Amino acid sequence: MDAQNVDYFLMSNAKFLEDHQIYHIRERLLAMDESQWRMLQFMQFTDPVIVLIVSILTGPLAIDRFLIGDVGLGVIKLLTCGGLGIWVIVDWILIMGITRRKNTEKLMMAIY
Amino acid sequence: MPLTRNRFNLFVALACLAGYGWLVLIGSLKPEEVGSRYDFCLVRHFAHIPCPSCGSTRSVLSLLHGDLAGGLYWNPLGLLILIVLLVAPFWLGYDLLFKKGTFIQSFHLFENTLRRKWVAIPSIALVLLNWVWNIWKGV
């Protein structure tokens, strides 16, 4: 794939992805066929900042977990009143990293 | 960190342990006394309304005292929590003993089922109805 396109893609989406994976992703994208550029352009990622805001506002309802696709953990969090409030606070710290990991996994699934 | 089998099993085991510890701590109380003594719910604390799962502890306590109607009144989700608390330790023990991953496999199956529209929409509606009932009861 064209280096300019790859760098444009990474510049636009780096904030959604895990920092330490960017190099591997770039290498992989460069090795990919040009025809897959369109598929990459239309990929949607979950914004970690939005998820953090949702987590702060509706943490005990586990909407943050449902938003990133952790349906099972979301149900557990919902049923336990947000882990008696502890899980809610832990998620305020962790949820942005978890969202970036989920986004990276989604991209990896698409390009590998 | 990705959710591996061992990490997930450990998480569920610790959650069950915390659940049993919590029940031992409040076991001597009557269900109606729990709400006034302990309040961990952030929704109730800040918004002054109960969350969808408020009353679950009182529900589990009522069910343990053999009061099914009381358990369902406080919060029907308590029945679900009690079933998980009773079944999960044995299931995890079986997986640990025979080095299997049936618990996490079933968990993923449950997740995938819940993602389907015809399951998700009624489930969300039931939780919302339960929430409205909780607010109406003022648990």
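A residue is called buried when its relative accessible area is under 20%, exposed when over 50%, and partly exposed in between, with a 1.4 Å probe and protein chains only. The model toured here is predicted: local features need pLDDT of at least 70, side-chain atom pairs count only at pLDDT 80 or more, and totals for chains, interfaces and linings use all residues. Residues are numbered from 1 along each chain as its sequence is written, chains are lettered from A and ligands numbered from 1 in the order in which they are written, and side-chain values use heavy atoms, leaving out hydrogens and water.

**First selection: α6 of chain A**

Select residues 71-79 of chain A, which form helix α6(A); helices are DSSP runs of H or I with at least four residues, strands are runs of E with at least two, and both are numbered from the N terminus. Eight of the nine residues in this helix are buried. They are Val71(A), Gly72(A), Leu73(A), Gly74(A), Val75(A), Lys77(A), Leu78(A) and Leu79(A). Proceed to Cys81(A), which follows α6(A) and has a positive phi, near 55°.

Chain B contains eight helices and zero strands. Its C-alpha atoms fill a box of roughly 45 × 40 × 30 Å along the principal axes. Of the 139 residues in chain B, 39% are buried. With contact defined as heavy atoms within 4.5 Å, 56% of the contacts in chain B between residues at least 6 apart in sequence join residues at least 24 apart.

**Third selection: the interface**

Display both chains: 24 residues of chain B are in contact with 17 residues of chain A. About 1700 Å² is buried between the chains, 81% of it on carbon and sulfur atoms; buried area is the accessible area (1.4 Å probe) that two parts lose on being put together, summed over both. Select Phe11(B), Phe40(B) and Leu42(B), the residues of chain B that lose the most area to chain A, together 25% of what that side buries.

Which helices of chain B each supply at least two residues of the side that touches chain A? They are α1 (5-26), α3 (42-47), α6 (77-98), α7 (102-115) and α8 (117-137). Finish on α7(B), which gives the most to that side, with five residues. There are zero salt bridges between the two chains, a salt bridge being a side-chain nitrogen of Lys or Arg within 4 Å of a carboxyl oxygen of Asp or Glu.
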